[in-house]
Amino acid sequence: MRKTLYVLAGLAFFAVLWEGYKLVGNPEGTVLLGVRVLPRADDLSMPHLWTVVERLGRPELTGGRPVWIVVVQACLFTLGITAAGFVIGALVGLLLAVAMERFRLVERGLLPYVILSQTVPLVALAPLVAGWGGTIMPPWATVSVIAAYLAFFPVAVGMLRGLQSPSASGVELMRSYAAGWWRTLVKLRFPSALPYLFPALRLAGAAAVVGAVVGEISTGTRGGVGRLIIEYSREATSDPAKVYTAMLGAALLGLVVAGLVSLLEVPLMRHRRHVEVVTL
Amino acid sequence: MRRIRTVTSLAAAAILLVAGCGTADQDSATPAPGGSGGALTPIKLQLQWFYQAQFAGYIAAVDQGFYKEQGLDVQLLEGGVDIVPQTVLAQGKADYAVAWVPKALASREQGAGITDVGQIFGRSGTYQVAWKDSGITKAADLKGKKVGNWGFGNEFELFAGMTKAGLDPGKDVTLVQQQFDMQALLKKEIDAAQAMSYNEYAQLLEAKNPATGKLYTADDFSIIDWKTEGSSMLQDAVWANTEKLNDPAYQQQTVKFLTGTIKGWAFCRDNAEKCRDLVVAKGSKLGKSHQLWQVNEVNKLIWPAAGGIGVIDDANWKQTVDISMTTKNQTGDTVLTKAPDGLAFTNDYINQAITAAKGAGVDVNGTSFQPTTVTLTEGGA
């Protein structure tokens, strides 16, 4: 309840900021020493929020469906892609973490590459993956792969920290019970990794959304909100409010995914302490 | 481009690594079924961008069954921000690709084995648009102005035009990287903006003038057309895989594909509104009047085709290659470092296709083609 209020307050604050800037900002923008330090406040660059809302209600094209339906449908499509990418990424991350925890050699050999993997720019990755579409998987699944590629990283790194978090005495106790590796993993390491897992999953959720939207933009995959952003932005010349409707949809999608991921932890974390975990 | 390439190979290595670490879940993806049309040969054509009337001829050829007549089941692949058609073709992920000549030649120089087998657009559609009251009407007038350009290899006609007019693009003008919309010109952040006759220029005419409350008209703008400035380069062409062209079966298939393509474009010349409807039905987000404008403008780039649609004109080819080798952009790069070697283009197949199309009663020259006047509506809707 309280949380919802905060979210609403945040939205209201943003709205006031936007419209407030439009009110006081220079329509031509503020230029200091030849560098634009503040953006233009004119209607072409920053349409009024009510123009955007009103645009949501009007048809996309003459005789077409209202924009809000198109945007919501696109968001649902991207949500599906994000979910698939998130699940794949989380599983891969989990497996990698377990493997790295089990074998020191794997950790030494693999961890640098896991980190390196995130320095590869998406624009380079996307066309490569896009080529798989239609041959070994449907085109939308390639975008899921991109989302998974971003999502696996926080889980792998965070979970590794978590699996390594039990104290030496805990591990030795398990050994004194003659518990094998598997039993130690299930009874000791997994439970103590949970506080590390959930922040990592939240990061993974956000990364999966970014991956899905950027992947769609990059590969031009039809149906999602990323594609919608790029299509509407081409019309920004004559219909500047339209592109903001799609961006609004993308922002909403991010919030929904964050909410869904935090729901995951409710049943598992009820009796556990929360710790601040730095995964990066 | 070159930088992206190295990164791509890095990415490839990284992916292999991750894939090697057991992503068993990927097995769940089912391969899309290929051609289901019995004896038809499945063909993939990679387009440069999303479905829009720029590709109306191919869309029409699929829809009207012109490819089927030739025994081909053509699947059109949409482009995207990071999809490079000639690379997709060179990697064998498509059988043919539509690409601009200078960019494709640059890819060739970097090792892509591709050949121009049909120069569908005989003319360039690139403009530099300015406000009428700015007095800019020719390349020389750009001196001292803020000039928008798209970069990424889309800017060479502009640079060649300015160089030809005696300007040093690096010194005499202020170059501004332009977005893919025309807001910068409307806000007067730049004095002249790059625009395609069939797309961005139309978007200007679909925008409302806040001063009058009406749409801008052609009278508000002046156009520098690189065709009249003599610095135009060849654009949309059909590219084929050079190595496969040694295979008689692929040669025959290429002739058939081009025959269907010619029929598609001839159909759009004679049925502009029907072609607009086909493009709109493909799910383009651009409006109807915008698409009709685009069909009409694209038709102007093809027709009339004195030597027959798709035949590569030696003089135009030479001009494109010369500009590609000599014109420097702001970073001092040219498109090409040396003349294209090997089989960069051939008229063998398009000529056979033209003969076949003529035999089927298709007008391949469009001598009597007259463009129509398209009225744009707000937002192109």
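**A first look at chain A**

1. Start at the N terminus and walk along: the elements of chain A come in the order α-β-β-α-α-α-α-α-α-α-α-α. Counted up, that gives ten helices and two strands. Keep in mind that this is a predicted model.

2. Chain A has 280 residues, and 40% of them count as buried.

3. Next, how the chain meets itself. Take the contacts in chain A between residues at least 6 apart in sequence: 72% of these link residues at least 24 apart.

4. Now to one helix pair. Two packed helices are described by the angle between their axes and the distance between the axes. Here the pair is helix α5 of chain A, residues 122–130, and helix α8 of chain A, residues 181–219. Their axes lie 9 Å apart, and the packing angle is about 65°. Angles of 65 to 115 degrees count as roughly perpendicular, so α5(A) is roughly perpendicular to α8(A). As for handedness, the crossing of α5(A) past α8(A) is right-handed.

5. Which residues of α5(A) and α8(A) meet? From α5(A) come A:Leu122, A:Val123, A:Ala126 and A:Ala130. Facing them from α8(A) are A:Val214, A:Gly215, A:Ser218 and A:Thr219. Sorted by class, this contact of α5(A) with α8(A) holds five nonpolar and three polar residues, with no charged ones.

Note on methods: Residues are numbered from 1 along each chain as its sequence is written. Chains are lettered from A and ligands numbered from 1 in the order in which they are written. This is a predicted model: local features need pLDDT of at least 70, side-chain atom pairs count only at pLDDT 80 or more; totals for chains, interfaces and linings use all residues. Helices (H or I, at least four residues) and strands (E, at least two) are DSSP runs, numbered from the N terminus. A residue is buried if 20 or more other C-beta atoms lie within 10 Å of its own, exposed if 12 or fewer, and partly exposed in between; C-beta atoms are placed from the backbone. Two residues are in contact if their C-beta atoms, placed from the backbone, lie within 7 Å. Axes are lines fitted to C-alpha atoms, for helices over the stretch in contact, and angles run from 0 to 180 degrees between N-to-C directions. Angles under 35 degrees count as roughly parallel, over 145 as roughly antiparallel, 65 to 115 as roughly perpendicular and the rest as oblique. A crossing is left-handed if the near helix is turned anticlockwise from the far one by less than a right angle, and right-handed if clockwise. Ala, Val, Leu, Ile, Met, Phe, Trp, Tyr, Cys and Pro count as nonpolar, Asp, Glu, Lys and Arg as charged, and the others, Gly among them, as polar.
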